[in-house]
Amino acid sequence: MARVLAIATSAAFATGAAAQTPNIRVAGRVQTQFATASGDSTGSFNPSAVVSSSYEIRRLRIQADVRLGDNINMVLQPSFEMGALRMRDAYLRVVLWHNPTSGFGLTMGQEKKPFNRYELTSSNNLLSIERGARFRGFSGVAAQNNLLEENGYLAHDLGASADFTTWQNRFTVKAGLYNGSGESSNDVNNAKTFGARATATVIADEEARPVLRLGAAVVSRDRSVTTTATSTTFSPDSSRRTSAIGLDAEWGDFRPGLHVIADFASGKTLRSGTDCLNGTTAISCRVDVGRNTANLRPNTPDSALATFRSFQVVGGWRWQPDDPNGTRLVKIIEPALRLDYTDPNTSRDDDHGMLITPVLNVYFAQTMVLRAGLDLYRYKDAAGASRSFHAFRLSWQANF
């Protein structure tokens, strides 16, 4: 009897130990890019004073996915672009309850705030080369991703979130509290940024793959306030907040055929150049310290905060020819087009920006792609004259 008990105890211990043995998957990506830019000479761009073309390592990241049993998952993703070490994803997620059709989990650490579908799409699979407008030597661009990130509404932040999935895993709600100070940054006040997002797969195909997905999100960002009109230290308690809402849709997926991602966003923004008074001297109401951007000077008036409105749609058609022997050099051809209209201040005329980006993506393997794209940007200068700017990009990306 004792021997049977010992064998049973050993077996139970071995099973428990096996369940706690980490299952580690390591992945990575590298993206090299060449870009050259030119445009009309204005206060936003001086072609004779900038280096307008360059090669760079745009992304160089290693990701470790660690699983402990069925309910615990940890993700670590450092990045090493151009010799600068940064931490991107770094979080622990615990599934507290789940069954084949629904579940509930908690996450703590650094992750992206749950806002904007294209921002939450992995850079492994972007239809365009960049999520926003990334122009060397150009300042003040008005495009959706740029404006949202500059105002702290999206991108990585430190915090905690909860997620709930139901309806045959087709409906998900996620809500979280974050520092609001940006990637790898301690909070500078006791207020927190709140973000929530709901998504649903409303149409699926016969294989239960998503065809049409819809989403809605809201983020309420705490705007830290400096202690004095000229300092860059912040008051511990700040009640100044701004909010943004987002609506999004996605048709298709990263498989053959049509794929479209659309995002609408609106809310309050604070742009550089907005004036506040320090005695009788006008200074910028906006304060940027590292990645903690778009904070406020004391007594910043509500009139300094503008209402923005933005719509972006990115679409592509993926053609994957038959390759029964696996010998075809080009595996996938995917032409794509991005249209972005962003108005940073709806109460002011002629300050919007229009970004048009045609792209050709050529896949030599499912995880190796050559992208060529042209960003065409039109905007108004300070005098109200129509100006243009363009940038050509060539990107080579491999994931493993």
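The side chain of Asp157 reaches the backbone nitrogen of Gly182 at 3.4 Å, and that of Gly180 at 3.0 Å. Each of these is a polar contact, that is, a pair of N or O atoms within 3.5 Å; within protein, one must be able to donate a hydrogen and the other to accept it, and residues adjacent in sequence count only if both atoms are side-chain atoms. Before going on, please note that this is a predicted model, where local features need pLDDT of at least 70 and side-chain atom pairs count only at pLDDT 80 or more, while totals for chains, interfaces and linings use all residues. Residues are numbered from 1 along each chain as its sequence is written, and side-chain values use heavy atoms, with hydrogens and water left out.

Asp157 sits in strand β6 (residues 156–166). Strands (E, at least two residues) and helices (H or I, at least four) are DSSP runs, numbered from the N terminus. With a relative accessible area of 0%, Asp157 is buried; buried means under 20%, exposed over 50%, and partly exposed in between (1.4 Å probe, protein chains only). Beyond four places in sequence, Asp157 has contacts (heavy atoms within 4.5 Å) with Gly109, Gln110, Glu111, Lys113, Tyr178, Asn179, Gly180, Ser181 and Gly182.

## Two buried asparagines

Asn399 belongs to strand β20 (residues 386–399) and counts as buried because its relative accessibility is 16%. Its side chain makes a polar contact of 3.4 Å with the side chain of Gln397. Leaving aside neighbours within four places in sequence, Asn399 is in contact with Gly28, Arg29, Asn124 and Thr367.

Asn345 is found in the loop between β17 (332–343) and β18, and its relative accessibility of 12% makes Asn345 buried. The side chains of Asn345 and Ser347 form a polar contact at 2.7 Å. Residues up to four places away not counted, Asn345 touches Ala306, Thr307 and Asp351. Between Asn345 and Asn179 there are 166 residues in sequence and 27 Å in space, C-alpha to C-alpha.

Trp167 has a positive phi, near 55°, and is found in the loop between β6 and β7 (171–178). Trp167 counts as partly exposed because its relative accessibility is 43%.

Asp350 also is not a glycine, and its phi is positive at about 60°. The loop between β17 and β18 holds Asp350, which is partly exposed with a relative accessible area of 44%.

## Nonpolar cores

A nonpolar core is a set of buried Ala, Val, Leu, Ile, Met, Phe, Trp, Tyr and Cys residues joined through side-chain atoms within 4.5 Å. The largest one has 13 residues, and those with the most contacts inside it are Ala133, Phe135, Phe138, Val141, Leu355, Tyr377 and Phe389. Two or more residues of this core come from each of β19 (368–380) and β20. Apart from it lies another core, of 11 residues, including Tyr153, Leu154, Ala155 and Ala217.

Not counting residues up to four places away in sequence, Phe389 touches Ala37, Ser38, Gly39, Phe45, Phe135, Arg136, Phe138, Asp375, Leu376, Tyr377 and Tyr379.

## A pocket and a cavity

On a 1 Å grid over the protein atoms alone, a cavity is a set of points where a 1.4 Å probe fits but cannot get out, and a pocket is an open set with protein on both sides within 12 Å along at least five of seven lines; lining residues have an atom within 4 Å of a point. Grid points are joined across faces, edges and corners, and a volume is the space filled by probe spheres set on the points. The second largest pocket holds about 640 Å³ of space. Its lining numbers 32 residues, with Arg271, Ser272, Pro344, Arg348 and Asp351 nearest the centre. β19 gives the most to this lining, with 3 residues.

The whole structure contains 1 cavity of 30 Å³ or more, and the largest cavity has a volume of about 40 Å³. Ile129, Glu130, Arg338, Thr357, Val359, Gly373, Leu374, Asp375 and Arg393 line the largest cavity. Here too, β19 gives the most to the lining, with 3 residues.
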